[in-house]
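Reader: I am new to this structure and would like to learn how to read it. Could you take me through some of its features, one at a time?

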Amino acid sequence: MAVTLEQAQRVGYTCLKALLRFAFMVANNLVAIPSYVLYLIMLQPLRVLDSKSFWYIEGVLFKWLLAMVASWGWWAGYTVVEWGDDVKAVSEDEAMVLVNHQATGDVCTLMMCLQDKGTVVRQMMWLMDHIFKYTNFGIVSLIHGDFFIRQGKAHRDQQLVLLKEHLEKYYRSRNRKWIVLFPEGGFLRKRRETSQAFAKKNNLPFLKHVTLPRLGATQVILKTLVAPQENGTPAGRDTVIKESKSKGLQWVIDTTIAYPKGEPIDIQTWILGYRQPTVTHVHYRIFPVKDVPAEPEALTHWLYQRFIEKEDLLTHFYETGAFPPLQGQTKAISREMTLSNLWLVGIQSLAFLSGGMWYCIFQYFYHCLF
């Protein structure tokens with residue numbers, strides 16, 4: 001089939017745009033991430049004198065870095081429409097966020113749609129695969145205090161112990177509010193077949209759009225962060241609230257990400273922008289933590305039910321292009337999430353100015369020494 005001039009021009013334009021976007025992303029990383037690290041090195045005396053102020057500043061810088069990632073997708077036309085409960089109402093409370101996992105772009109989507117949720121982004125903790133530690137953003141997550149979890153049966157028990165210790169050491173000492181995890185333990189395309197075989201063997205529902213979640217990390221988070229007497233948990237059992245007057249974990253936010261036609265966006269697309277502008281849909285349901293059972297068997301059933309409901313939500317979305325209305329509503333209400341281009345340009349400009357400043361400082365000291 002012959003390629004027309006118009007088609008060749010379109011392909012050429014797409015390739016040029018992708019190349020320019022990639023160059024910008026590389027430059028962005030080369031100035032923003034080292035600047036984040038260097039600012040925090042300079043602020044180490046403040047960490048000793050006033051730890052609260054130090055982690056406040058770190059949180060602001062962290063939010064700006066996530067906004068830069070969000071801007072790559074925003075400027076490519078990858079936007080978000082939100083459905084269900086309004087999570088801004090609980091943005092100042094502690095919450096555990098359960099998300100279905102389809103592709104690497106899920107994280108970028110969350111980085112975007114949580115930008116306008118008050119202090120959430122700068123005070124959140126992520127649970128992610130340990131491979132993420134070795135990416136360009138890994139050093140940032142390490143400093144921020146995110147937890148990298150190794151998958152597989154051989155590591156499972158040890159990882160849960162390490163997660164508990166990590167939460168006790170960092171979660172409230174750094175004033176974290178939301179903790180985000182992907183209970184499926186991997187991408188949908190990689191886990192679906194295994195999950196369906198497990199479901200068939202154990203007489204559980206057959207799921208196509210999600211997989212059955214794993215209990216371990218969810219249970220550890222609830223046992224460690226829920227305040228005494230909440231969630232049916234007796235006082236003194238792995239739930240001591242340290243270094244804080246926190247009320248403990250108060251909410252579970254069940255988050256469902258849906259892509260048009262079930263075609264997820266991966267990180268390569270997010271960076272290069274070669275896909276046509278796409279609207280990702282994010283649905284929220286908020287559950288009081290006191291309604292979440294503590295016993296392992298009951299908690300497993302509760303968690304399975306959330307993902308069975310996700311299956312129903314996604315089935316409805318793929319059939320109709322919209323999520324169903326919440327209970328008590330006659331019509332589903334959606335909200336278009338927006339970002340300020342002026343704000344994004346300001347953050348990007350600050351990153352490049354910071355990079356230039358650090359370069360000049362190093363050049364000055366280099367000439368002084370040599």
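Reader: Are Lys117 and Glu82 buried or exposed?

Author: Burial is judged by relative accessible area, and a residue under 20% counts as buried. In this predicted model, both Lys117 and Glu82 are buried.

Reader: What does Lys117 form with Glu82?

Author: A salt bridge pairs a side-chain nitrogen of Lys or Arg with a carboxyl oxygen of Asp or Glu. Here Lys117 and Glu82 form one, with 2.8 Å between the closest N and O atoms.

Reader: How many salt bridges does the structure hold?

Author: There are 10. Another of them joins Asp254 to Lys310, with the closest N and O atoms 2.8 Å apart. This pair links distant parts of the chain, as Asp254 is in strand 6 (residues 251–258) and Lys310 is in helix 10, 56 residues apart. Asp254 and Lys310 are both buried.

Reader: Where on the accessibility scale do Asp291 and Lys290 fall?

Author: The side chains of Asp291 and Lys290 meet in a salt bridge, at 3.5 Å from N to O. Asp291 has a relative accessible area of 46%, so this residue is partly exposed. Lys290 counts as exposed because its relative accessibility is 56%, and exposed means over 50%.

Reader: Which residues have the most contacts inside the largest nonpolar core?

Author: A nonpolar core is read as a set of buried residues joined through their side chains. The largest one has 57 residues, and Trp126 and Trp178 have the most contacts inside it. Helix 3 (residues 51–74) gives the largest share of this core, 12 residues. Beyond its neighbours within four places in sequence, Trp126 is in contact with several residues, including Phe62, Leu66, Val107 and Val180. Another core lies apart from the largest one and has 27 residues, among them Leu160, Tyr171, Leu225 and Val289.

Reader: What does His166 touch?

Author: For contacts of this kind, residues up to four places away in sequence are not counted, and His166 then touches Met125, Gly145, Asp146, Phe147 and Tyr171. His166 is in helix 6 (residues 153–171). With a relative accessible area of 12%, His166 is buried. A polar atom of its side chain lies 2.7 Å from the backbone oxygen of Gly145.

Reader: Where is Ile308 found, and which residues does Ile308 touch?

Author: Ile308 is part of helix 10 (residues 296–320). Its relative accessible area is 18%, so Ile308 is buried. Leaving out residues up to four places away in sequence, Ile308 touches Pro205 and Leu207. Along the chain Ile308 and Leu207 are 101 residues apart, yet their C-alpha atoms are separated by 7.4 Å.

Reader: Which residues make the nonpolar surface patch?

Author: A patch is read from residues that have over 30% relative accessible area. Met357, Ile361, Tyr364, Phe365, Tyr366, Leu369 and Phe370 make a nonpolar one of about 830 Å². Met357 has its place in helix 11 (residues 341–369). This residue is partly exposed, with a relative accessible area of 35%.

Conventions. Residues are numbered from 1 along each chain as its sequence is written. This is a predicted model: local features need pLDDT of at least 70, side-chain atom pairs count only at pLDDT 80 or more; totals for chains, interfaces and linings use all residues. Side-chain values use heavy atoms; hydrogens and water are left out. Helices (H or I, at least four residues) and strands (E, at least two) are DSSP runs, numbered from the N terminus. Buried means under 20% relative accessible area, exposed over 50%, partly exposed in between (1.4 Å probe, protein chains only). Contact means heavy atoms within 4.5 Å. A salt bridge is a side-chain nitrogen of Lys or Arg within 4 Å of a carboxyl oxygen of Asp or Glu. A nonpolar core is a set of buried Ala, Val, Leu, Ile, Met, Phe, Trp, Tyr and Cys residues joined through side-chain atoms within 4.5 Å. Patches are made of residues with over 30% relative accessible area and no salt bridge: like charges are joined within 9 Å, nonpolar side chains (Val, Leu, Ile, Met, Phe, Trp, Tyr) within 5 Å. Accessible areas come from the Shrake-Rupley method with a 1.4 Å probe; for residues, only the protein chains shown count as cover. A polar contact is a pair of N or O atoms within 3.5 Å; within protein, one must be able to donate a hydrogen and the other to accept it, and residues adjacent in sequence count only if both atoms are side-chain atoms.
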